[in-house]
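Please keep the sequence and the model in view while reading.

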Amino acid sequence: MTEKPEKFIIDGKRLDGREPNEMRPLKIEAGILEKADGSAYLELGENKAMASVYGPREMHPRHLQKTNRAVLRCRYNLAPFSVEDRKRPGPSRRSTEISKVAREALEPAVFLERYPRAVIDVSMELLQASAGTRTAGITAASVALADAGIPMRDLVASTAAGKVDDTIILDLEKEEDQFGDGDMPIAYMPQKKKITLIQMDGNFKPEEFEEALDLAIEGCEQVYEKQRKALEEKYTKVEEQ
């Protein structure tokens, strides 16, 4: 197990060399799975996530259908080989909780009312995991939904702010997540200026909470630009072919 560092910030720099308000390197690619209706691949630091979307299609069994809207079904999964200590295959309490959180974060962005009695399945597979897997999964899933051509009010971008050494930081890495003083993942629709998810673990003073929320929103706006660029690049390639 990793030991807690004596200091997280030394001479203004974090342990991985970043500024407090700097994100890890982020890469997003849209439309990489031929068999899915929509898909996206994301790398955030050491995280590697694959998202796929299937649907809308008729919901079975029928008693689960909603007569006035589609059902958005989300599945988050950590691959057994994604972490240093091999994970047991199959769903866990944590993956079930994050699946629910991801659904609630994405639902406000999707025009579900256009597809009554249908289901849209979203899968988030973490191939390699470091800190911030839920935000990576939500970000990739949003791009996959857009890639599937499903009407959306806005893309959903997700990142986290936190606190270490009495300093508010953006996009926590592994040691900061494990041993820091606080963690606040959010999901945000930048064009609509709407927060669709906010969670908090740890202790924040009121002024620290406001600072962390503002920083997380700034981070989401950076993520949003990468999401848009990934979709633009995918469809530019399609037009050229």
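Where is the place of D171? D171 sits in the loop between β9 and α3 (174-179); helices (H or I, at least four residues) and strands (E, at least two) are DSSP runs, numbered from the N terminus. The model is predicted, so local features need pLDDT of at least 70 and side-chain atom pairs count only at pLDDT 80 or more, while totals for chains, interfaces and linings use all residues. Residues are numbered from 1 along each chain as its sequence is written, and side-chain values use heavy atoms, with hydrogens and water left out.

**Positive phi angles**

- D171 is not a glycine, although its phi is positive, at about 60°.
- D171 is buried, with a relative accessible area of 2%; buried means under 20% relative accessible area, exposed over 50%, and partly exposed in between (1.4 Å probe, protein chains only).
- D165, likewise not a glycine, has a positive phi of about 50°.
- The loop between β8 (157-164) and β9 (167-170) holds D165, and D165 is partly exposed, with a relative accessible area of 26%.

**Cis peptide bonds**

- G55 and P56 are joined by a cis peptide bond whose omega is about 5°.
- P56 belongs to strand β5 (residues 47-58).
- Another cis peptide bond runs from H60 to P61, with omega near -5°.
- P61 is placed in the loop between β5 and β6 (71-78).

**Cysteines and disulfides**

- A disulfide is a covalent bond between the sulfur atoms of two cysteines.
- Zero disulfides are found in a search of the whole structure, where the criterion is a pair of cysteine sulfur atoms within 2.5 Å.
- C74 takes part in no disulfide, and the nearest cysteine sulfur, that of C220, is 17 Å away.

- Strand β7 (residues 118-128) contains S123.
- S123 is buried, its relative accessible area being 17%.
- Leaving aside residues up to four places away in sequence, S123 touches M50, A51, S52 and R75; contact here means heavy atoms within 4.5 Å.
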